[in-house]
Amino acid sequence: MTPRGAAKLAPRRHAASCHAGWLAMLTVIVLPLGASAAADEDPGSGAAAHVAPAAPASAMPEMPYAQMASIMDMDDAARYGRIIVDQWEWRDDAARRGSGVWDVEGWYGGDYDKLWARTEGDWPSGTGAQGRAELLWDRIVTRWWSLQAGARYDFGAGPGKGWAALGVQGLAPGWINVEATVYAGEAGSVAGRLKAETDLRFTQRLILQPELEFNAYSRADRAREQGAGLSEVDAGLRLRYEIRRELAPYLGVAWRQRSGASAQLLRAAGAVPDELQWLIGVRFWF
Amino acid sequence: MGIIARGGAQPARMGRRQFVQGVAGGTLLLGAGSLFGRTGNPPSQATPGPAPLSGTQFDLSIGELAVNYTGVARVATAVNGQVPAPLLRWREGDVVTLRVTNRLAVHSSIHWHGMIVPADMDGVPGLSFPGIPPGATFVYRFPVNQHGTYWYHSHSRFQEQTGLYGPLVIEPRGGERARCERDYTVILSDWSDSDPEHVYATLKRQSDYFNFHQRTVADLHADIARQGAAAAGANWALWARMRMDPTDLLDVSGSVYTYLMNGSTPGANWTALFGRGERVRLRFINGSSMSFFDVRIPGLTMTVVAADGQDVEPVSVDEFRIGTAEVYDVIVAPADDRAYTIFAQAMDRSGYARGTLAPQPGMQAGLPPLDARPLLSAADMGMAMDMAMSGRPEMPEMPEMPGMPGMSHDTAPVPGPQHARVHYGPGVDMVAANPQRRLHDPGVGLRDNGRRVLTYGDLHTLGGAIDAREPQRDIELHLTGHMQRYLWSFNGRKFSDSEPLRFRFGERLRIVLVNDSMMTHPIHLHGMWSEIEDAQDEFQLRKHTVTVQPGQRLSYRVTADALGRWAYHCHLLYHMEAGMFREVVVAPEAGAGEP
């Protein structure tokens with residue numbers, strides 16, 4: 001690792017090649033150094049030429065950080081924000097029942113505390129949109145994880161439903177983005193959601209994003225065709241091409257499984273409980 | 001001194017613009033190369049550049065300038081209508097007066113990088129002075145008690161990134177030690193057509209945005225083919241556990257930067273002339289905001305004669321790495337009547353700055369290919385090798401690893417406490433468990449490349465230390481950060497979370513820097529010299545900017561002889577902005593402030 005061969009030109013050789021008096025000057029400078037060991041307290045004695053600066057004629061007083069940040073125009077506590085439309089897509093299945101699907105996330109804040117919002121849902125053709133929106137306070141608590149607390153609101157089919165939310169969000173080993181949240185709803189109902197996704201790069205711009213999401217409910221909701229238990233499993237594979245980092249069209253497949261009570265509710269409604277869907281969409285952020 | 005005069009000068013937004021074309025074939029007004037050899041040769045340059053400013057009285061005007069480096073019209077921040085700012089030539093022993101007028105619509109400032117000046121002349125808004133308001137003139141006046149190559153730049157927001165940087169050369173009172181026939185300054189920089197505010201906000205949103213060299217499935221496949229599945233898998237797992245990227249060498253890359261040499265793009269090819277048999281001094285200054293360059297001149301051996309303005313024992317190399325804000329003076333003696341390419345590739349090999357040494361204008365030599373893109377190794381991450389294999393990167397307080405027989409002083413474990421009790425909160429993504437001094441390590445991407453590459457271990461300042469006393473105390477600082485969250489700090493504390501470091505006036509102290517991050521950081525202490533110690537803790541090298549590699553632990557001595565409030569920071573502009581900044585207060589009778 002070390003190029004010990006980084007050959008030092010001997011001062012003599014350099015002096016010969018570049019300046020005749022060079023060696024003499026070096027000697028003059030080096031000689032006093034030997035005598036300097038005795039000089040313990042006086043920095044000037046025997047040391048290399050150096051003149052300490054004068055005291056400032058007009059000193060700036062010490063001041064609080066906010067004032068200094070303003071004068072410096074440099075603030076490491078400044079707030080930034082980002083909105084990521086991770087999924088903005090059209091899905092179609094074998095029965096040609098199309099639907100629009102969105103998954104959007106945004107944050108605003110400093111390095112330690114952020115306001116975090118996310119919403120996801122679908123809009124089947126011929127009906128209204130249904131989905132959920134969350135507003136969370138995000139606080140980083142460990143190297144890779146933050147704690148999130150806030151509220152969730154379900155909208156669309158049936159009356160709207162509010163939940164209190166508490167969860168963690170972070171980066172698991174293997175660069176896997178994880179969101180794990182529990183929700184407390186009306187009349188003691190409880191729900192849980194776990195989502196994991198990662199990026200696999202084929203090239204610097206062609207990226208496969210596998211995604212897995214689980215939703216579980218303590219209580220059925222007929223209007224939303226949600227049964228109790230681990231009722232929803234969604235898996236997706238999206239292959240995107242980043243024209244710019246901020247703009248990436250994609251193609252993919254999604255597999256939806258509604259199990260247990262959810263499946264029964266769907267069958268009763270004449271629908272299929274699990275289905276493979278083709279999808280096309282665009283991911284963008286700003 | 002330091003009078004701010006208001007009125008008169010109106011902020012000129014568009015009126016005083018000049019137009020500078022940086023693309024090949026365009027009008028070339030760039031190139032700050034100078035010639036002031038002592039042999040009396042007339043100045044000659046292939047690339048016509050503005051004349052240097054010399055003397056003791058200077059009028060500098062900070063304003064906007066229309067530029068076009070990439071085919072896109074942009075506005076730069078200029079001094080006297082020039083990007084880079086004009087070369088200033090001072091003489092050791094003079095008192096210089098610089099009247100700096102700000103014709104921008106926002107506050108501005110100029111910091112004299114490496115100059116030992118009174119605290120109120122240092123040009124850091126908030127610490128030295130309130131900054132220069134729009135339309136105002138600030139008068140800097142100070143004695144020049146040193147010589148060598150330095151530079152100056154704005155210390156306000158991102159003005160350095162948009163063009164406010166320039167070379168500064170101080171002639172020794174006794175004449176140049178290394179006499180040469182030609183003498184040029186070569187200032188390297190990184191230009192972005194994107195607004196630096198946007199670049200910085202982008203790093204906050206997605207820190208790997210500018211890295212287009214990330215590991216792919218194909219790379220993993222190639223690793224498996226080369227090393228076998230087990231080794232490739234173990235390596236992948238190591239990085240996967242750390243959640244780090246071995247390709248992360250520079251935060252901002254050639255994907256957004258155009259690298260400039262004396263303000264010229266590679267296509268514009270800044271050219272310096274020489275006559276056969278002449279010795280040419282090239283004063284390399286890294287005036288970039290976020291870039292490390294690996295510099296070489298294929299076909300020529302470079303003799304390094306000064307580092308950060310300080311004369312060193314001459315050392316001959318084929319290549320050197322220059323960190324942001326560092327300065328190296330080299331001498332070359334081209335023997336042939338032909339052109340030579342000055343090649344400065346970015347550390348991540350995402351681009352290069354380029355110029356030419358030629359006997360005639362218009363000549364050029366071949367361009368070497370960019371080197372292979374390097375990957376960070378386990379050692380770069382501050383891990384001992386056996387630890388890298390067992391894959392326990394995150395253990396924060398590993399005991400010292402026993403040294404292997406035959407290790408040099410450089411790689412042997414450093415005695416003493418490895419880690420101060422520092423705040424390793426959620427803002428720190430890794431800890432170097434086994435940091436090494438590694439002064440003879442040229443750094444990632446330069447090891448065993450077949451060329452003689454300069455290392456800190458090769459550099460010995462002539463004349464010894466400025467202060468013969470032993471350090472009275474140690475201050476240990478860890479260079480920390482969180483790449484993914486893009487926050488940077490000392491000891492896990494951003495500037496906004498920190499208290500000033502307090503030095504007792506007159507004391508000699510030792511600063512120990514441990515790089516706990518995966519980035520290479522150029523650390524700059526204002527107002528006082530950093531005197532780097534060798535493996536025996538003896539003085540070796542005096543610098544104003546100290547590059548600390550990932551997983552490296554090095555120490556330097558500081559004499560606190562400069563009263564006042566000073567900046568101490570990483571000279572990567574966006575690292576400084578993101579918190580890697582401390583205030584240093586030098587005062588009599590101050591308590592021994594621990595970080």
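These legends describe close-up views of a predicted model with chains A and B.

**View 1. Phe58(B) and its surroundings in chain B.** Phe58(B) is part of strand β4 of chain B, which covers residues 57–68. With 17 other C-beta atoms within 10 Å, Phe58(B) is partly exposed, because a buried residue needs 20 or more and an exposed one has 12 or fewer. Apart from neighbours within four places in sequence, the contacts of Phe58(B) are Leu53(B), Leu88(B), Val96(B), Thr97(B), Leu98(B) and Arg99(B). Val100(B) is 42 residues from Phe58(B) in sequence, and the C-alpha atoms of the two are 8.2 Å apart in space.

**View 2. Buried residues of helix α1 of chain B.** Helix α1 of chain B spans residues 196–205. Its buried residues are Pro196(B), Val199(B), Tyr200(B), Thr202(B), Leu203(B) and Lys204(B). In chain B, the buried residues of α1(B) pack against β12 (182–192) and α5 (573–577). They also pack against an element of chain A, β1 (80–92).

**View 3. Contacts between chain A and chain B.** In this view, 65 residues of chain A are in contact with 80 residues of chain B. On the side of chain A that touches chain B, at least two residues come from each of α1 (11–18), α2 (22–34), α3 (65–72), β1 and β9 (200–201) of chain A. Helix α2(A) gives the most to this side, with six residues. Sorted by class, the side of chain A that touches chain B has 42 nonpolar, 12 polar and 11 charged residues.

Technical notes. Residues numbered from 1 in each chain as written. Chains lettered and ligands numbered in written order. Predicted model: local features only at pLDDT ≥ 70, side-chain atom pairs only at ≥ 80, totals over all residues. Helix = DSSP H or I, 4+ residues; strand = E, 2+ residues; numbered from the N terminus. Contact = placed C-beta atoms within 7 Å. Nonpolar A, V, L, I, M, F, W, Y, C, P; charged D, E, K, R; others polar.
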